[in-house]
Amino acid sequence: MSLSRRRENSLVTLKVGGRFRELPVWATKLSFEVRPSADFDRRAWKLWKPTLLLMNRVCKREKINVSWVRIHSHFRLRRELPHAMGWWDPIERSAFLCHFDKETMLHELGHAKSSGYHGDPWARATWKLYRKYLTGRERDRAFAAICQYLSGRRVYRNIFKSKPPKYEHPKSIWWGLRP
């Protein structure tokens with residue numbers, strides 16, 4: 001018997017990462033711990049839900065062990081982010097995700113499946129994840145975004161037998177976003 005959607009999205013206060021945080025019930029059922037930042041805006045949970053549920057599915061299917069994931073919210077962002085969109089910690093098997101897009105999340109899981117750096121093994125692993133879990137324009141954007149790395153351009157050239165697209169740094173998806 002599944003929980004009703006309303007109950008599934010209701011917030012509970014739990015101690016995560018040594019601090020009390022409000023999490024929706026669905027986030028407590030993932031295979032990894034979700035650690036929202038201290039200033040996390042609870043209205044951002046609806047934006048994070050599809051990405052975190054996909055991350056859970058990918059981790060199970062690909063047998064990727066993730067202990068915890070730190071997530072942020074940056075509503076009404078007016079300048080560039082003061083930190084990276086995401087990173088992977090191979091020692092703690094944890095991820096930091098600032099952007100709630102699936103491409104960033106799969107990029108970090110590509111690190112988990114490879115050496116951890118932006119080399120050819122990472123690019124191949126990430127490419128496979130993009131191909132398997134993204135569709136349409138989302139996949140096309142991810143394929144173009146990976147070309148910012150030399151290893152990503154090599155993989156692109158091997159697959160498509162053509163010159164990779166020129167990478168253009170996008171604005172943050174939080175830019176001007178209102179809750």
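Tutor: Leu177 counts as partly exposed, with a relative accessibility of 25%. Buried means under 20% relative accessible area, exposed means over 50%, and partly exposed lies in between (1.4 Å probe, protein chains only). Before we go on, note that this is a predicted model, in which local features need pLDDT of at least 70, side-chain atom pairs count only at pLDDT 80 or more, and totals for chains, interfaces and linings use all residues. Residues are numbered from 1 along each chain as its sequence is written, and side-chain values use heavy atoms, with hydrogens and water left out.

Leu177 sits in the segment after H6. Helices (H or I, at least four residues) and strands (E, at least two) are DSSP runs, numbered from the N terminus. Leaving out residues up to four places away in sequence, Leu177 touches Leu47, Phe75, Arg76 and Phe100; contact here means heavy atoms within 4.5 Å. Asp39 is 138 residues from Leu177 along the chain, and the C-alpha atoms of the two are separated by 16 Å.

Another residue in the segment after H6 is Lys161. Lys161 is exposed, with a relative accessible area of 68%. Its phi is near 55 degrees, a positive value in a residue other than glycine. Arg93 also has a positive phi, of about 55 degrees, although it is not a glycine. You will find Arg93 in the loop between S5 and S6, where it is partly exposed at a relative accessible area of 25%.

Step back into H6 itself and look at Ser151. At 1% relative accessibility, Ser151 counts as buried. Beyond its neighbours up to four places away in sequence, Ser151 touches His118, Gly119, Asp120, Trp122 and Ala123. One of these, Gly119, lies in the loop between helix H3 (102-112) and helix H4 (120-133). Gly119 is partly exposed, at 24% relative accessibility.

Now for H3: 10 of its 11 residues are buried, so it is largely enclosed by the rest of the structure. Among the buried ones are Met105, Leu106, Leu109 and Ala112, and also Glu103, His107 and Glu108. The buried residues of H3 pack against H2, strand S5 (86-89), S6, H4 and H5.

In soluble globular proteins, nonpolar side chains tend to be buried together. A nonpolar core is a set of buried Ala, Val, Leu, Ile, Met, Phe, Trp, Tyr and Cys residues joined through side-chain atoms within 4.5 Å. The largest one here has 47 residues, and Leu52 and Met55 touch the most other members. Helix H2 (45-62), strand S4 (68-71), strand S6 (94-97), H3, H4, helix H5 (136-145) and helix H6 (150-160) each supply at least two residues of this core. Its largest share, 7 residues, comes from H2. Not counting residues up to four places away in sequence, Leu52 touches Trp26, Leu30, Phe32, Val34, Trp45, Val69 and Ile71.

Trp45 also turns up beside Leu11, a residue of strand S1 (residues 11-16). Apart from neighbours within four places in sequence, Leu11 is in contact with Glu22, Leu23, Pro24, Arg42 and Trp45. Leu11 is partly exposed, at 29% relative accessibility. The C-alpha atoms of Leu11 and Ala27, 16 residues apart along the chain, are separated by 9.5 Å.

Finally, the whole picture. The protein has 6 helices and 6 strands, which follow the pattern α-β-β-β-α-β-β-β-α-α-α-α along the sequence. Its radius of gyration is 17 Å, close to the 16 Å that the globule rule gives for 179 residues, so it is as compact as a globular protein of that length. The radius is taken over C-alpha atoms, and the rule is 2.2 Å times the number of residues to the power 0.38. Along its principal axes, the C-alpha trace spans about 50 × 40 × 30 Å. Of the 179 residues, 45% count as buried. Among contacts between residues at least 6 apart in sequence, 53% join residues at least 24 apart.
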